[in-house]
Amino acid sequence: MPDALAAMSRALREAPPDQVVEAVDRALRSELAAVRVDAFLADYRISGLWSVLDPEASAGSLTGQSASQRCFSSQQPVREPSDGGCCRVWVPLTTRGERLGVFLVELAVSPDDPTVELIVDLGVDLATTLRAADRETDRYRRTRRRERLSMAAEMQWDLLPGRSVTHEAFLLAGQLEPAYSVGGDHFDWSVDPGRLTLTVLNGAGTGLSAAMLTALTVNAIRNARRSGGGLVEQAELASDTLFYQHRGKRHVATLLLSVDTGTGRARAVDAGSPRVLRLRGTTVERIDLEQQLPLGMFAETRYTVQEFDVLPGDRLFVVSDGVYDAQPGGQEAYGERAMARAMRSTRLQPATEAVGTVMRELFAYHADTDLRDDAVVVCLDWCGPGGRRER
């Protein structure tokens, strides 16, 4: 078995970026006599799984109860009988917490546990390879998009660090909506030794101009962060950059947050409207932070840091005003009760599932109307030092 895994991993490494799935298909047919192999990627809305080899073929909805959905949600392998006595094995396509989709291997006979474990390990290798290859080919992005992205959305998705990431101390996930036309709302993060840094932006305006403003803000914050600057330096450099570019006519409400992964001590700069809510047990409460000026409103604005503690078992949600201020048809704002109810309902789900649940509840709250504003939800599950690591 180790020799088989080594041979298949080598095939992945040697494959051209657009032929990764075909390479693993050939390797599995040779090593395990597989009768079918495919990779299914989650779409931008995380609503369905779509085949790389046949982009119009779907493995089903991610809100259903199919074997592929169970595999994606549980992050565990699922065996499923198929025609002619064959057996389908579904395993997660996940790398460093980033859920890409699921990997299907159909075998002529039911596999033993070591064979399933080999397929699981190969799924991790395949996910890592797909993540890297995505920079060099459009094939996998075309698979994921089920409708055309607006120019603004194209920029926003390319700017993201990913949709989820794991660490021994936390699990972090985020989602943007409307997925195919999002304009200015955004999130960014960086995992560094001893620290997680998270930024959530509530972009002003709509369309391409909002996306360009957000891109400038994110890159200014990254420039300060990558130069070793703390939250204050990040906020002040981004604010000055925006002001001298737009002279106060354009500004961006932003929350900058960093958490010490050894102690759980959180530091925050609240420069506008994104809100932090904490789910502890069954109680949802807002973390009260002093709201300071949005980035770019005035020249040489100075910012201060506030601190609070995150305890093992806490779940933090960071949401833009497109979530908590949503008032379709003049209803009560979503954030008043419905959002807290949706967040409580996620307490048995991992962060990667929780962001989708809150977004689906938001869409349900809007009923037959479209989202009037961009919406971003980021969920941080805090395990603490030495906490349980998830795949």
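## A buried threonine

Thr94 is buried, with a relative accessible area of 3%. Buried here means under 20% relative accessible area, with a 1.4 Å probe and protein chains only. Thr94 sits in strand β5. Its side chain makes a polar contact with the side chain of Gln75, at 2.5 Å. A polar contact is a pair of N or O atoms within 3.5 Å, where one must be able to donate a hydrogen and the other to accept it.

This is a predicted model: local features need pLDDT of at least 70, side-chain atom pairs count only at pLDDT 80 or more, and totals for chains, interfaces and linings use all residues. Residues are numbered from 1 along each chain as its sequence is written, and side-chain values use heavy atoms, without hydrogens and water.

## The sheet

Six strands form an open sheet in the order β3-β2-β1-β6-β5-β4, paired antiparallel. Strands are DSSP runs of E, at least two residues long, and helices are runs of H or I, at least four, numbered from the N terminus. Two strands pair if DSSP finds at least two bridges between them. β3 (58–61) and β4 (78–81) stand at the edges with a single partner strand each, so one side of each has no neighbour in the sheet.

Strands β1 (residues 36–42) and β6 (residues 98–107) run antiparallel, joined by six bridges. Val37 has Val105 of β6 as its bridge partner.

## The helices

Helix α3 (residues 67–74) packs on the sheet. Helix α3 touches β1, β2 (48–51), β3, β4, β5 (87–95) and β6. Contact means heavy atoms within 4.5 Å. The direction of α3 makes about 135° with that of β6. Angles run from 0 to 180 degrees between N-to-C directions, with axes fitted to C-alpha atoms, for helices over the stretch in contact.

Helix α4 (residues 113–133) lies across β1, β4, β5 and β6. Helix α4 runs at about 40° to β5.

Conventions. Buried means under 20% relative accessible area, exposed over 50%, partly exposed in between (1.4 Å probe, protein chains only).
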